[in-house]
Amino acid sequence: MNKRILANDGLVEEAQKYLKQQGFTVETEKRDEEDLMSEIGDFDALLVRSATKVTRELLEAGVKDGGKLKIIGRGGVGTDNIDLEAAKELGVIVKFAPNGNTNATAEHAMGLIFAVARRVPLAHHSLMSGTWYKKRFKGVELFGKTLGIIGCGRIGQALAAKAGALGMKVIGYDLYRSIDAPLTYVDTIPELLAQSDFVSLHCGGTEPVINTEELKQMKETAYLINASRGKNVAEDALYEALKTGQIAGAALDCYETEPKREGLPFENKLQDLDNIVMSAHLGASTNNAGVRTGMEIAEVVTGYLRRGEYGNSVNVGETVEEEDTEVYTIFITHEDKPGMFGKFGTLMGEMGVNIRENNSRKLGEQVQTVYMVHAKPTEEVRQALEGIEGVNRVTI
């Protein structure tokens, strides 16, 4: 039966075309909450961005009474709008597309750094209002300055490479250190804040990374950049720091509270200040990023529905090793005929061997199958498998 995919928050034409070429039926007409709840069980996959909320109730509607829902695909990085635990309990895989927005967000962060360092938006606004000022908007150069990056994943490293090309010294803090990152790691956030002329946030979380104490640890001449999560910065503390000159300035692309839809009013007391640059969560808002993200989520969803691939999974391990349970391997060379896997599974089950995963490929006229199991296979198991008709060789 043809599998159906609902892209409830839209999907670029290139990704729709790809999915259709893979044999899927793709629908992009947005369902409201009521319609989505009543129809979701008819779809094998639901693709969303940030607008659609994938609640426990929606997931339950997708699987109950023989519902077909197998996978949620999130275009982009954040999964705050998806109940990951409910999806895990109900047997629905959640995947994301983290790479499509990487360059766009890193470029926007770099643009914010330029904008706040040279006070470009303020100078623009002054000229548009009909007044010529130069001395008022004297800025600072980036060359030779230190950029501190908190969160050195894909986006943080992309920003580091761009800043390094401008002649900036780049330092970073992250719980996980990449050996190839184009920056120098420091051991603590206070160490990073004390050294940095610009601090850029590229981390997740629900609690402030920058609050009153952290702002005190920054240089008076330093600038704070946030193009990650609004909750990473305590806005009341930032307001006081900017108003009193505790730091030189800030540039924000995300906020503690944001309008839910395009065109709605936006009110924030940071708007009263003249040492801040603000943009409306534009980090991923480029045509290129939209196409890359759409294609990425289309490919990872196809990988799961067609081949059972777990790459880019959020609520399960991408590999068996990530489950933190020891695994062992059994290598079986056998004839390519029906029923072989059934025989292997039955025998190992009877001998107390729990199969975790298996991969199989043609090897000339034979087949090479590798089983990953949770119980260390014994010589008795090996001999029993080798005794199955059609098996040519078994190694453990």
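**Aromatic and charge–ring contacts in a predicted model**

The structure holds 6 aromatic pairs, where a pair requires the ring centres of Phe, Tyr or Trp (its six-membered ring) to lie within 6.5 Å, with planes under 30 degrees apart counted as stacked, over 60 as edge-to-face and the rest as tilted. This is a predicted model, in which local features need pLDDT of at least 70, side-chain atom pairs count only at pLDDT 80 or more, and totals for chains, interfaces and linings use all residues. Residues are numbered from 1 along each chain as its sequence is written, and side-chain values use heavy atoms, with hydrogens and water left out.

**View 1. Y133 and F137 form an edge-to-face pair.** Their ring centres lie 6.2 Å apart, with 85 degrees between the planes. Y133 is partly exposed at 36% relative accessibility, whereas F137 is buried at 12% (buried means under 20% relative accessible area, exposed over 50%, partly exposed in between; 1.4 Å probe, protein chains only).

**View 2. Y304 and Y310 form an edge-to-face pair.** The pair is classed in this way because the planes stand at 70 degrees, with the centres 5.5 Å apart. Y304 is buried, at 18% relative accessibility; Y310, at 34%, is partly exposed.

**View 3. F341, F344 and Y371 form a cluster.** Ring pairs link these residues.

**View 4. Arginine charges sit over the rings of Y133 and F24.** The charged end of R136 is 3.7 Å from the ring centre of Y133, and that of R306 is 4.3 Å from the ring centre of F24. Such a contact requires NZ of Lys or CZ of Arg within 6 Å of the ring centre and within 35 degrees of the ring normal.
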